Amino acid sequence: MNEEPRGRLYQDSEFEFDEFNGLKIERLIVCEIPETNEPILVYIKMENKNWHQYFLDAGIGFWENWDKIDIDDDSYNFIDITDKLKVKNKIIIKINCEPELNNSRITLELEHNKKIILKCTKPEIFDSECELIVI
């Protein structure tokens, strides 16, 4: 694309990523553990941008830009959820990570008050399993 990958951009319990504000989502892919269907990575491709990925680990949020994604690992399920969540061409309003009890959550706010949230299923338990919810 038109940008060079920059690696890890955020690794914290609180951050705001504003580079995608006002841009349209092209694809959203979740990397899941097959045995539990727990999402461990979320890949996002925006118009005119490289692939980015985000995830939660050790109670904090991570946001990274590695340019390409590797979805050929048979150890995980890679699921394109773009159509299922009806987010193709939806505009990002805001992306942020914020503390939630003993962990963090990453929220993508879209147009028309839709939100995609990556959070711990039990935020009171440090580093508990994750889930991806849409509200």
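**Surface.** I am reading a predicted model, where local features need pLDDT of at least 70, side-chain atom pairs count only at pLDDT 80 or more, and totals for chains, interfaces and linings use all residues. Numbering runs from 1 along each chain as its sequence is written, and side-chain values use heavy atoms, without hydrogens and water.

**Fold.** I found 0 helices and 11 strands in the protein chain (DSSP runs numbered from the N terminus; helices are H or I of at least four residues, strands E of at least two). The radius of gyration is 14 Å, close to the 14 Å of the globule rule for 135 residues, so the chain is as compact as a globular protein of that length (taken over C-alpha atoms; the rule is 2.2 Å times the number of residues to the power 0.38).

**Salt bridges.** I looked up 6 of these in the structure (a side-chain nitrogen of Lys or Arg within 4 Å of a carboxyl oxygen of Asp or Glu). One of them joins Glu-64 and Arg-8 at 2.6 Å, N to O. Glu-64 sits in strand E6 (residues 60–67) and Arg-8 in strand E1 (residues 7–12), so this pair ties together parts 56 residues apart in sequence.

**Burial of that pair.** I noted Glu-64 as buried, at 3% relative accessibility, while Arg-8 is partly exposed at 40% (buried is under 20% relative accessible area, exposed over 50%, partly exposed in between; 1.4 Å probe, protein chains only).

**Another pair.** I also checked Glu-100 and Arg-105, whose side chains meet in a salt bridge at 3.1 Å, N to O; Glu-100 and Arg-105 are both buried.
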